[in-house]
Amino acid sequence: MKRSYLGEFEEIVLLTVAVMEGGAYGVAITHEISEQTSRSVRLNQVHAALERLEDKGMLKSEMGEPTAERGGRRKRLFTVTAYGRRTLQEIQDVRATLWTRLLNPFKPATSL
Amino acid sequence: MKPPQLADRLLTFFCAPHRLEEVQGDLHEEFAYQVRRVGERRARGRYWWDVLGFILSFATGKRSREYSTIDRTNPMMIRNYFKIAWRNLLRYRLNSTLTITGLALGLACGLLIILHVKEELRYDKGFAKADRIYRINSENIGEKSRRWAATSPILGIEMKQAIPAIQTVVRFHRPYPDRVFSYTPAGHEPRQFEEKKGFYADSTAVDVFDLPFVKGDRRTALKQQNAIVLTEAMAKKYFGNDEPLGKLIQDDLDKRPLTVTGVVSDFPFPTHLQFDYLISMTTYADKESLTNRGWSGFYNYVLLNSQVSRSDVEQRIPEFMVKFYEAKGENRNEILATRKTHLQPITEIHLHSKLEKEMGPNGDILYVYVFSVAALFILLVASVNFINMATAQAFNRMKEVGVRKVLGARKEQLLKQFLGESFLLTLTASVVALLVFWVAIPFYNEFTAKNLHFSQLVTPSNGLIMLLLAGLISLVAGLYPAWFISGFEPVTSLKGNRSPVSSVTLVRKGLIVFQFAVSVFMIFSTIVVYRQMRFFQNKKLGFDQEQVVAVKLYGREMHEKRNTIENELLKNPAITDVALISVLPGDRFSTDMITPVGKAGDASQMRFMWADEHTLPVLKIGLKTGRNFVRKTNNAHFPIILNEAAVKALKLTEPIGQKLVSYGDTGEVVGVVNDFHFASLHTAVEPLVVVQYPDQANYFLLKIHGDKLPETVQFARSTLSRLSPESLFSYTFLDEKLARLYDSEQRVGHVLNVFAVFAIFISCLGLFSLSAYAAQLRTKEVGIRKVLGATVSGVVILLSKDFLRLVVIATLLASPLAWWAMGQWLNGFAYAIEMEWWMLALTGVLTVAVAVLTISFQSIKAALMNPVKSLKSE
């Protein structure tokens, strides 16, 4: 089956959700991404990406526990579906294949 | 610590309800985190930033995914919208043209006025220190309070010593009389001109007003004695392309050479401070007058410290005033009761200041309002047109809307489509408006005596204004039709049921009434303004300004030869009389205190005029009692003639023979003249003192007989240049001069006239297409009526009367309003016309006539149609 197209940002979000194992919701994901990739990420971008991924069926979500900081509002906790995991795996495989076919693997530069 | 509430509320409004909880929760959590990390203030900023991010992403169509899954910004769909819009535009060519024309005219008007108002409001705001520069005004309080723009030469300086919050004082003094300068280039004729716009100025002016020097050293230019700074235009006039710096220019009245020490460019913004030259204050010769506390001869500007406010300084003024005038010999209570000093922000001078001795004529905030309202009305009338035509057109689009709805279009989508169409139309109209604007600019410049260029329009801010205006209009005009069209029921619209919806008919009727009410208002205003202008021009002024030429008297040389010149002039049979006068009617008459001997309590401020024994006969001013001046031999004598108002103000029962004192000189009243209008008709006749003292004269008045005006003026010119070769010859016709007093009203009259024509024209455009539409709707009905024997006139009346009724209602509604508003305007004049019923009647008849003409074109066409044709088609 031909898998859905994933944008680079979507891929990162999806991976992050997978990494966070059950504790993934909007703010936490945003913080995690900006820590790991050190790029500035806006909350609404993450939300939009999560929504898109859920539409594509790669994520599923359920409402979590409310906290005081959130003014008693619940979190939406995301988990990766089997389809999502498979998509990630496929992307990884494609890359791995391409890397192995690289004749002159990049080496750290030693001299100029 | 809570996140900004307004942002939260905005979010709630925009966010899809089923997403709100998590989004808001996340935002709050993030806020709490950021407060810990960067502090509350910055966290609030970030919160807004995040919320805006969400709102924007909702606005681009991600708000709700519950129903439709079609991407609504699909390019195919948009292309379809454009295609349909274009087809409709072409298909209903007449209607589109009328709509666009109306909108374009409205937009052009609106744009012009916005620019005009922008320009008026920009006055003096460009000075870098504009918010700290004030002009000192003084006010004498009494029976007739007067507020002066000019004040004593040392008022500012002493005020600065008393109130340290004043950082700098700048004084300007207009040379009196106007200077004549000359420059003789080597081997050329001398270049000699009269310069009316210039001042003696303190060297502080350079920094306070940031004079834009292009040549010369700004620090020293106005410090040396006998130094003059010119504008580029004036430097060019005298020196051509030669280097002006260091050249000598001669002040021909004082016979004083001045060194050009600097050249400045014009200010890049409009300002009340208009000058062609500035002479350094140290050059000012009459040093004694510089300490005169009672002479209002200087304009005092102060620059306040940046830390103090105007009220801080104003609080300290009364105390300073007491000290200042006590030195002049007045007592404390008298000073506090009769004198006041104000600080006037420089930015208020142009629009809010009409004081004695202004530097030049100022604008008026009233007319800024009048123009703005008029422009707003024109824009509204044009928008109304659009609404009416679009709703009428709507029935042509019924089927389309039905089909779109059946295929799944939602109301919101259709709304967007039609709003988009109205925006496209408005944009097209804007382009046409620019063309109209381009054509209109010269006329505008003529009306307002301004100098705008089309190129000035092309600035980013004006482009933005234009775009905003177009957006606003398309919203105002497009929203209702779009809402109305998109609300069609698919079933009825597909059936092609064209029965007019009553709500829209009502709205349309209301809008037509509004349009014509505006037109009536404008036509009535125009009539009143024109009548008032006619009144100004025809009112008997109490003297005869016709056939009188005023020739300026320059300097000592001309004064010394005064008698010879008079005699020589009288040799020409066309010149029947020659008089001397200090100031021309229509110019500002200076004021002085005058006290009747023996009745010190009746002292009063009065206008003064210095004249000789010929003045009254030349101007044909009627004597009430007493006699005219006779030729006098003794200069220590001051015979006086008063006007009636002065007799009343001085409470004289026996004016003839009464002795009056002014500034130590005593004179005796020999006659009383009827009140005549020596100032403009805006004000009532003020008390006037005419003193026989020709040494103060500045003009010859030549009474000319017959119709050989140009030849006679030529004769005067050659006589003067023969007798006084170094002087300039400059002359004015008194009647022309007086007519110019009403320039600003005249301009308003013109502008209103143009607006009235536009308003009625645009309204008629609307009426025209609506009547066409109505006639079209009733084609069949008319056919059947004709078959059954209706006459053409009967059908025309049938088709016209509904519209005519609206126009009549509009006239009735607008009349009292217009009556009241113009009454207010006329109240501003001391001498005004009475509004009469016929003016309203004329307005009504005009409006109805134009409306009838417009409608009948369509209804007659419909009535003449062959019923066979109209009944055959289906």
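Q: What share of the 874 residues of chain B counts as buried?
A: Of those 874 residues, 38% count as buried, where buried stands for 20 or more other C-beta atoms within 10 Å of a residue's own, exposed for 12 or fewer and partly exposed for anything in between, with C-beta atoms placed from the backbone. This is a predicted model, in which local features need pLDDT of at least 70 and side-chain atom pairs count only at pLDDT 80 or more, while totals for chains, interfaces and linings use all residues. Residues are numbered from 1 along each chain as its sequence is written, and chains are lettered from A and ligands numbered from 1 in the order in which they are written.

Q: And what share of chain A is buried?
A: Chain A has 112 residues, of which 29% count as buried.

Q: How many helices and strands are there in chain B, and what pattern does chain A follow?
A: Chain B has 29 helices and 24 strands, taking helices (H or I, at least four residues) and strands (E, at least two) as DSSP runs numbered from the N terminus. Chain A comes to four helices and two strands, and along its sequence these follow the pattern α-α-α-β-β-α.

Q: In chain B, what share of the contacts between residues at least 6 apart joins residues at least 24 apart?
A: For chain B that share is 83%, with two residues counted as in contact if their C-beta atoms, placed from the backbone, lie within 7 Å. In chain A, among contacts between residues at least 6 apart in sequence, 48% join residues at least 24 apart.

Q: At what angle do α27 and α28 of chain B pack?
A: Helix α27 (residues 792–827) and helix α28 (residues 837–864) of chain B pack at about 155 degrees, with their axes 8 Å apart; axes are lines fitted to C-alpha atoms, for helices over the stretch in contact, and angles run from 0 to 180 degrees between N-to-C directions. The two helices are therefore roughly antiparallel to each other, given that angles over 145 degrees count as roughly antiparallel, under 35 as roughly parallel, 65 to 115 as roughly perpendicular and the rest as oblique. The contact of α27(B) with α28(B) has 18 nonpolar, seven polar and no charged residues.

Q: How do α12 and α25 of chain B cross?
A: The axes of α12 (residues 365–393) and α25 (residues 743–777) of chain B come within 9 Å and cross at roughly 10 degrees, and these helices are therefore roughly parallel to each other. By class, their contact has 21 nonpolar, five polar and no charged residues.

Q: What about α8 of chain B, which of its residues are buried?
A: In helix α8 (residues 232–239) of chain B the buried residues are B:M234, B:A235 and B:Y238. They cover an arc of only 100 degrees around the axis, which puts them on the same side of α8(B), the arc being that of the directions from the helix axis to the C-beta atoms. Among the elements of chain B that they pack against are β4 (179–183) and β10 (256–264). After α8(B) comes B:G240, whose phi is positive, near 60 degrees.

Q: Where is B:K620, and what is its phi?
A: B:K620 lies in the loop between α21 (615–619) and β18 (623–626) of chain B, and has a positive phi of about 55 degrees although it is not a glycine. Most residues other than glycine have a negative phi. B:K620 counts as partly exposed, with 14 C-beta neighbours inside 10 Å.

Q: And B:L616, buried or exposed?
A: B:L616, which is found in helix α21 of chain B, is buried, with 21 other C-beta atoms within 10 Å. Not counting residues up to four places away in sequence, B:L616 touches B:I621, B:N628 and B:V673. B:L616 and B:F543 are 73 residues apart in sequence and 8.7 Å apart in space, C-alpha to C-alpha.

Conventions
Ala, Val, Leu, Ile, Met, Phe, Trp, Tyr, Cys and Pro count as nonpolar, Asp, Glu, Lys and Arg as charged, and the others, Gly among them, as polar.
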